[in-house]
Amino acid sequence: MNPEQLKILGSSFLGDLLKSVNLFYPETALVVTFLLAILVDLFTRNRPSCKMSGYVSLIGFFVTAIFLCNSPQGMSFAGTYAVDAFSIFFKWIVLITSFVIIVFSFFSKELFGEERQMGEYYTLIVGMTFGMFLLSGATNLILIYLAIETMSMSSYILAGYTKEIKRASEASLKYVIYGATSSGIMIYGISLLFGLTGSLNLSGINAYLAGNNVNHITLLISGIMIIAGIGYKISAVPFHFWTPDVYEGAPVTITAYLSVASKAAGFAILIRLLNSAFTIHAAGDTINTAWSVMKNVDWTMIIAVLSVLSMTLGNFVAVWQTNVKRLLAYSSIAHAGYILMGVAVMNYTGVSAIMIYLAIYMFMNLGAFFVVMIIANHIDSEDLEDYQGIGYRSPWLGVAMTIFMVSLTGLPPTAGFIGKLYVFTAVLNSGMYWLAVIGVLNSVVSLYYYVKVFRNMFLRGAEKANQPIELSLTVKVILIALIIPNIALGIWFGGLVNWANASAAMILK
Amino acid sequence: MQVVPLEYYLLLSGILFSIGSIGVLTRRNMIIIFMSIEMMLNSVNLTLVAFSAFLGNPSGQIFVFFVMTVAAAEAAVGLAILLALFRSKKTIYVDEVNMLKW
């Protein structure tokens, strides 16, 4: 290579880098927040339970949100990271969840009960947010792996943050063992895919698969191994074994975080992988064209089977649960199944249905976990039996929980109904009637255990009405702030639907 | 000099990966489980390097650096969590850690 060529190469590299930095402002803001939160923690070390670095993280999230609002779109860092409408939608879900989780943490007795150093807790949440941001835009297998690990590593520690509670450290250990194994399986699949196609970029893999005949069996094995790694993150059956244990053992705030944010990020990468690597893209591909999935492996059927397994196992096992956190864990497995139905459809209607569902799922699940946390603060229990009479002891908590449960079941007029409606419509439009029927039957089963919570709160233990639970004003405000989207999105859902439809587009380069 | 064919590397890494996964599934001692996970990751490294040399594409070798870094970080986090559990339960055997069950 002569100096002239090197110069051109160097300037194009620099040009790409400068362009990429413009696209990378929200992530940069998160990293700065991460560092600031550590610094602030160092200055407030001698005052345990100080919330200073928590406030710094909240401000950082706010700044990130401003950058995210004005974010341009494009491909950055030599085609490894896509900033498109699709990833920005998922970044909003992750960012809002992280913000809400830090606010929740301020009220958690479990976390602040002991004189515990809380600085790292917020720092790790910011780090995890960063990992999920990267995951929602990653288009290179190296970046996908690193983003998944950034997010997992923080969540292993967060799950065991209350380390003197035996349950929490057990949960965290199980999480790290299952997590490391599943990421090992995923990366073996990645190495096989690299060997098959000679490329680590999703677009390169796509181009090779479209143009050449590869060994079907190897492609199937490597694809299933990668889906196993992602399936672990979204807790789809049969990769769900960690979910109930970790959800029960971890602090409630972290359980809520794992059930919403890391699931959303996992779905983002699953959809991007299937769309960018395993779908044939014609020249004039728009949002309205159906995906033509490559014929060599039947990805649709694999995802549909995962979806049916997740829904059925999640809902049926949830029926027998006596611990509310465990019940919500199985319910979250079931919801992963409903969302996977949208993936199995393999077109943009399905993708936008998933986005609507995840946005709504965020509000209902965060709400349910917030109520569980406030109740645990007062009665020190997460047992369904101990929930008797809560509706009389604190009508606020009772009514709020009922609304969230109705929303999770998917009954009108709540937002959950709209989420289910769009997913089922997408499935029916694609002609997979059997899948829609299984989904509807599963929703009926889920009604049983969600109503069980309601029954314990209102139809039993009326004699406990003389031990009222007093809620502070801020808790009431947060409850209302969580109830409003659950009702409002059930009635005025046009805005969300339009936004999701507009965001379903992915940059394919 | 004769070059070792690609299949030999792939076979070796397949065997290492299987030994690693069997170790994770059957061993009770958590430190040995972590060692088995390391073995799985190293078999991946072998596959990546072999493919990289075979295809003449260096990105596989770059990937190996990242895998090694992540493996080190994962071991550090895993052992720290193990230590926290050992302080409260005085055991490193997985079958004695069984408070959470369905």
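Biologist: What relative accessibility does B:Asp95 have?
Modeller: Ground rules first: this is a predicted model, where local features need pLDDT of at least 70, side-chain atom pairs count only at pLDDT 80 or more, and totals for chains, interfaces and linings use all residues. Residues are numbered from 1 along each chain as its sequence is written, chains are lettered from A and ligands numbered from 1 in the order in which they are written, and side-chain values use heavy atoms, with hydrogens and water left out. B:Asp95 counts as partly exposed, which sits between buried (under 20% relative accessible area) and exposed (over 50%), with a 1.4 Å probe and protein chains only. Its value is 40%.

Biologist: Which residue forms a salt bridge with B:Asp95?
Modeller: A salt bridge is a side-chain nitrogen of Lys or Arg within 4 Å of a carboxyl oxygen of Asp or Glu, and here the closest N and O atoms are 2.6 Å apart. The pair links distant parts of the chain: B:Asp95 is in the segment after helix H3 (59-89) of chain B, while its partner, 67 residues apart, is in the loop between helix H1 (6-26) and helix H2 (30-55). That partner is B:Arg28.

Biologist: Which residue meets A:Lys174 in a salt bridge?
Modeller: The N to O distance is 3.1 Å. Both residues lie in helix H8 (residues 166-197) of chain A, 4 residues apart, about one turn of the helix; helices (H or I, at least four residues) and strands (E, at least two) are DSSP runs, numbered from the N terminus. The partner is A:Glu170.

Biologist: Which residue pairs with A:Arg326?
Modeller: This salt bridge has an N to O distance of 2.6 Å. A:Arg326 is in helix H14 (residues 324-345) of chain A and its partner in helix H11 (residues 242-249), 78 residues apart. Both are buried, and the partner is A:Glu248.

Biologist: Which residues of chain B does A:Ala180 touch?
Modeller: A:Ala180 is in helix H8 of chain A and is buried, with a relative accessible area of 2%. Contact means heavy atoms within 4.5 Å. Not counting residues up to four places away in sequence, A:Ala180 touches A:Tyr156 and, in chain B, B:Ile37 and B:Glu74.

Biologist: What pattern does chain B follow along the sequence?
Modeller: Chain B has 3 helices and 0 strands. Read in order, that gives α-α-α.

Biologist: What is the radius of gyration of chain B?
Modeller: It is taken over C-alpha atoms, and the globule rule is 2.2 Å times the number of residues to the power 0.38. For a compact globule of 102 residues, the radius would be near 13 Å. The C-alpha trace of chain B spans about 55 × 30 × 25 Å along its principal axes, and its radius of gyration is 17 Å.
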